[in-house]
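I opened my notebook to look up a few things in this structure. Here is what I was working from.

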Amino acid sequence: MRPDLKRPLLVVAIILAAHLALWIPSPGLAAQSLRNWGQGLVDVLVIVPSVLILIGLFDAWVPKEVVARNLGRTSGVRGVLLALLLGTGAAGPIYAAFPIGAALLGKGARPANLVIFLGAWATIKLPMLMMESAFLGIRFALLRLALTLPGIIACGFLMEALLSGHTAELRTSPGD
Amino acid sequence: MATFPILLLTTALGGVALSAANDGARTRAALKMSARSGLGLLPGLLAVLAGVGLTMAAVPPAGVATLFQAHGAVGFFLLAGLGALLTIPGPVAYPLAGSLHRMGAGLPALASFITTLTMVGALTAPMEIKAFGRRFTLLRQSLSLVLALLVGALMGGLL
């Protein structure tokens with residue numbers, strides 16, 4: 001795909017037009033929606049460009065063989081632990097993890113470890129654990145963690161089994 | 001929370017400097033790839049964020065709270081369903097869950113709410129499909145939804 005600004009600009013134009021149309025019956029809702037959109041964009045734009053740069057460098061410098069060895073079919077328990085560690089170490093919503101996951105998959109990570117990475121990214125974070133304890137109690141936070149962690153690992157291997165024979169579809173290049 | 005983006009940017013810029021010192025041409029190719037995937041990502045990102053923004057404006061936290069004073073199975077599935085529709089990052093999700101709890105929502109329901117909120121997102125599915133394909137996305141999201149409901153149900157028994 002050729003990089004061009006036309007499609008993003010078109011999307012922005014459509015979104016602004018939709019809000020303009022919404023403004024007539026409900027100006028308060030349109031304003032709040034626009035504010036949320038702006039806040040969401042700020043949240044994403046402070047993280048995603050750095051992530052994309054790191055993915056580009058990762059792609060250029062890290063040999064396929066290294067990823068395949070550490071996260072691939074034969075990586076075993078160590079691969080699962082590494083996937084968990086990679087997922088918990090980062091911040092940001094789960095969609096920031098999609099391009100990273102696509103890059104890992106392209107370099108030979110096994111699907112189970114990709115799913116574990118995404119799950120850990122979404123819901124297991126140490127700073128978040130503190131926040132969860134503050135708002136809902138430490139018993140709640142630790143119990144939810146203890147139940148979710150094995151669930152995510154089980155999901156990873158279940159998905160890999162269910163996806164076997166469909167790996168061709170998974171091997172698409174990132175950002176395409 | 002603001003330290004993480006700065007740390008990330010510093011790491012990225014340091015990486016670029018290190019890479020450029022070793023191989024300028026390879027670095028240029030890498031950055032070109034980053035820019036291309038960024039532009040590819042942008043339309044979906046803009047649309048998804050607008051959808052999330054509109055949903056959050058139409059269903060404000062206070063409204064959610066009164067809606068989910070329903071107890072039992074109804075409240076449980078309503079909360080899980082709302083969580084599955086939206087994807088909200090943790091710093092927003094936990095205060096929301098906290099105020100829902102104060103307003104009477106049950107802890108098991110909130111456990112599945114938080115889990116679906118962070119792991120499952122119907123509104124972000126288009127971006128996931130773009131990265132990993134339709135089959136992968138549908139499978140991962142359905143399995144995560146089942147996991148979230150299971151976690152909530154188990155917590156109901158344990159808490």
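Which residues of α4(A) are buried? I found V67(A), N70(A) and L71(A). Buried means under 20% relative accessible area, exposed over 50%, and partly exposed in between, with a 1.4 Å probe and protein chains only. These three cover an arc of only 80 degrees around the axis, so they sit on the same side of α4(A). The arc is that of the directions from the helix axis to the C-beta atoms. Their cover includes α3, α5, α6 and α7 of chain A.

**Ground rules**

I noted that this is a predicted model, where local features need pLDDT of at least 70, side-chain atom pairs count only at pLDDT 80 or more, and totals for chains, interfaces and linings use all residues. Residues are numbered from 1 along each chain as its sequence is written, chains are lettered from A and ligands numbered from 1 in the order in which they are written, and side-chain values use heavy atoms, leaving out hydrogens and water.

**Chain A overall**

I counted elements next. Chain A has ten helices and zero strands. Helices (H or I, at least four residues) and strands (E, at least two) are DSSP runs, numbered from the N terminus. Of the 176 residues of chain A, 47% count as buried. I also checked contacts, meaning heavy atoms within 4.5 Å. Among those in chain A between residues at least 6 apart in sequence, 69% join residues at least 24 apart.

**Two helix pairs**

How do α4(A) and α5(A) cross? Helix α4 (residues 64-71) and helix α5 (residues 76-88) of chain A have axes that come within 7 Å and cross at roughly 105 degrees. Axes are lines fitted to C-alpha atoms, for helices over the stretch in contact, and angles run from 0 to 180 degrees between N-to-C directions. α4(A) is therefore roughly perpendicular to α5(A). Angles under 35 degrees count as roughly parallel, over 145 as roughly antiparallel, 65 to 115 as roughly perpendicular and the rest as oblique. On the α4(A) side, R69(A), N70(A) and L71(A) make the contact. The α5(A) side gives R78(A), G79(A), L82(A), A83(A) and L86(A). I sorted the residues of this contact into four nonpolar, two polar and two charged.

Then I took helix α3 (residues 48-61) and helix α6 (residues 97-106) of chain A, which pack at about 5 degrees with axes 10 Å apart. That angle makes α3(A) roughly parallel to α6(A). V51(A), I55(A) and F58(A) of α3(A) meet P99(A), I100(A), A103(A) and L104(A) of α6(A). Here I got seven nonpolar, no polar and no charged residues. Ala, Val, Leu, Ile, Met, Phe, Trp, Tyr, Cys and Pro count as nonpolar, Asp, Glu, Lys and Arg as charged, and the others, Gly among them, as polar.

**Chain B**

Is R140(B) buried or exposed? R140(B) counts as buried, because its relative accessibility is 1%. It lies in helix α8 (residues 134-158) of chain B. Not counting residues up to four places away in sequence, R140(B) touches I94(A), V115(A), L118(A), M159(A), M119(B) and E128(B).

E128(B) turned up again in helix α7 (residues 125-132) of chain B, where A125(B), M127(B), E128(B), A131(B) and F132(B) are buried. The buried residues of α7(B) fall within an arc of 155 degrees, so they line one face of the helix. G133(B) follows α7(B), with a positive phi near 95 degrees.
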